[in-house]
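Here is a short briefing on one chain and its ligand.

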Amino acid sequence: KKSREAEDSQKDAETLDGFCPDVMANISKPEEVISLQKVGARGVGLLRTEFLFLDQQNLPGEKEQCQIYCDIASKLGSDPLIIRTLDIGGDKPMHSVRTESEANPFLGCRGIRLSLRYPELFKSQLKAIIRAADLHSNIQIMFPMVATVDELHKAKELLNECRRELHIPVPELKIGIMIEVPAAVFNAEQLAKESDFFSLGTNDLAQYVMAADRGNASVSGLAHYQQSAILKAIAKTCNAAGTAGIPVGICGEMAGDPEFTSLLLGMGVTKFSASPTAIPALKASIRNVDMAQAKQEALACF
Ligand code: PEP
Ligand code: MG
């Protein structure tokens with residue numbers, strides 16, 4: 001029975017009517033690649049790169065970063081590795097870059113805002129990603145906390161600058177953004193025209209849409225993806241992506257909640273990235289979905 005289970009865990013999950021969404025894993029450390037292979041995830045939908053920068057006295061060099069990205073990418077074979085650029089700031093201060101103290105750090109200089117404020121730091125990461133992507137075509141890049149089209153333009157301009165400086169064009173490198181700030185949902189039509197994919201960061205999206213701290217237990221019911229406002233935000237994001245013809249994934253914790261698999265599929269989410277421990281239940285839940293029914297169920301959110 002054990003070996004049968006192990007065999008099943010490697011199989012991709014299809015809905016009852018044969019739709020096969022991508023099931024990928026979120027990882028925060030290179031070692032975790034092993035755990036995603038055990039559950040048969042098809043790649044990394046979110047590599048949180050903060051481990052490279054937090055609690056470090058010195059910033060990691062371009063070479064060191066590139067080596068780490070290459071190691072992970074090669075372990076995944078042809079499955080994707082989506083590298084999210086630095087998402088520090090907020091509650092995660094970084095000692096190796098002196099940042100000002102902020103009264104409201106979650107509303108301050110975090111994610112892409114911090115990267116754009118410290119372009120040399122950002123460029124070292126972008127160059128490491130470009131070098132790695134030149135060797136491993138399964139690498140994709142994703143920017144966190146994007147709120148405006150202007151931020152996306154600036155980030156892409158820096159990426160192009162790095163390509164030119166390195167003389168490595170990597171034309172096929174896919175560039176996606178997290179949708180985790182309410183402004184990005186309102187700007188989704190414009191952002192979709194300039195992104196290769198969206199990935200819903202429902203942890204932050206819930207916190208910011210509901211104005212409720214994601215780490216504060218007394219408002220945890222509000223800061224939750226089951227809120228109708230969050231479901232509507234997801235539906236709007238899927239609509240915008242559908243119009244532009246780009247895929248929508250989800251990498252917030254909601255992705256691993258089997259209660260919402262059908263609804264997300266019905267709204268148009270085609271890529272799920274969850275913590276490796278949540279993946280067996282996620283796959284089981286996908287196998288019970290009827291897409292026609294899921295789409296019907298999702299209509300209520302549009
Ligand atoms: C999210 O906000 O949903 C997300 C996946 O990013 P993080 O939890 O790293 O902020
Ligand atoms: Mg987030």
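A residue is buried if 20 or more other C-beta atoms lie within 10 Å of its own, exposed if 12 or fewer, and partly exposed in between, with C-beta atoms placed from the backbone. By that count, 44% of the 302 residues in the chain are buried. The model is predicted: local features need pLDDT of at least 70, side-chain atom pairs count only at pLDDT 80 or more, and totals for chains, interfaces and linings use all residues. Residues are numbered from 1 along each chain as its sequence is written, while chains are lettered from A and ligands numbered from 1 in the order in which they are written.

**Overall fold**
- The chain holds 13 helices and eight strands. Its radius of gyration (over C-alpha atoms) is 19 Å, close to the 19 Å from the globule rule (2.2 Å times the number of residues to the power 0.38) for 302 residues, so the chain is as compact as a globular protein of that length.
- Helices (H or I, at least four residues) and strands (E, at least two) are DSSP runs, numbered from the N terminus.
- Along the principal axes, the C-alpha atoms fill a box of roughly 50 × 45 × 35 Å.
- Two residues are in contact if their C-beta atoms, placed from the backbone, lie within 7 Å. Of the contacts between residues at least 6 apart in sequence, 70% join residues at least 24 apart.

**Ligand 1**
- Residues around ligand 1 (C-beta atom, placed from the backbone, within 6 Å of it) are L46, R48, D87, E180, G201, T202, N203, D204, C251 and G252.
- β2 (44-48) and α9 (202-210) each supply at least two of the shell residues. α9 gives the most, with three.
- The shell has two nonpolar, four polar and four charged residues. Here Ala, Val, Leu, Ile, Met, Phe, Trp, Tyr, Cys and Pro count as nonpolar, Asp, Glu, Lys and Arg as charged, and the others, Gly among them, as polar.

**Helix α12**
- Buried residues of α12 (residues 279-287) are I279, L282, K283, S285 and I286. They fall within an arc of 160° (directions from the helix axis to the C-beta atoms), so they line one face of the helix.
- These buried residues pack against β1 (22-27), α11 (261-267) and β8 (271-274).

**Positive phi**
- Most residues other than glycine have a negative phi.
- H167 has a positive phi of about 60°. H167 is exposed, with 6 other C-beta atoms within 10 Å.
- V170 has a positive phi near 30°. V170 is partly exposed, with 19 C-beta neighbours inside 10 Å.
- H167 lies in the loop between α6 (149-166) and β5 (174-179), and V170 lies in the loop between α6 and β5.
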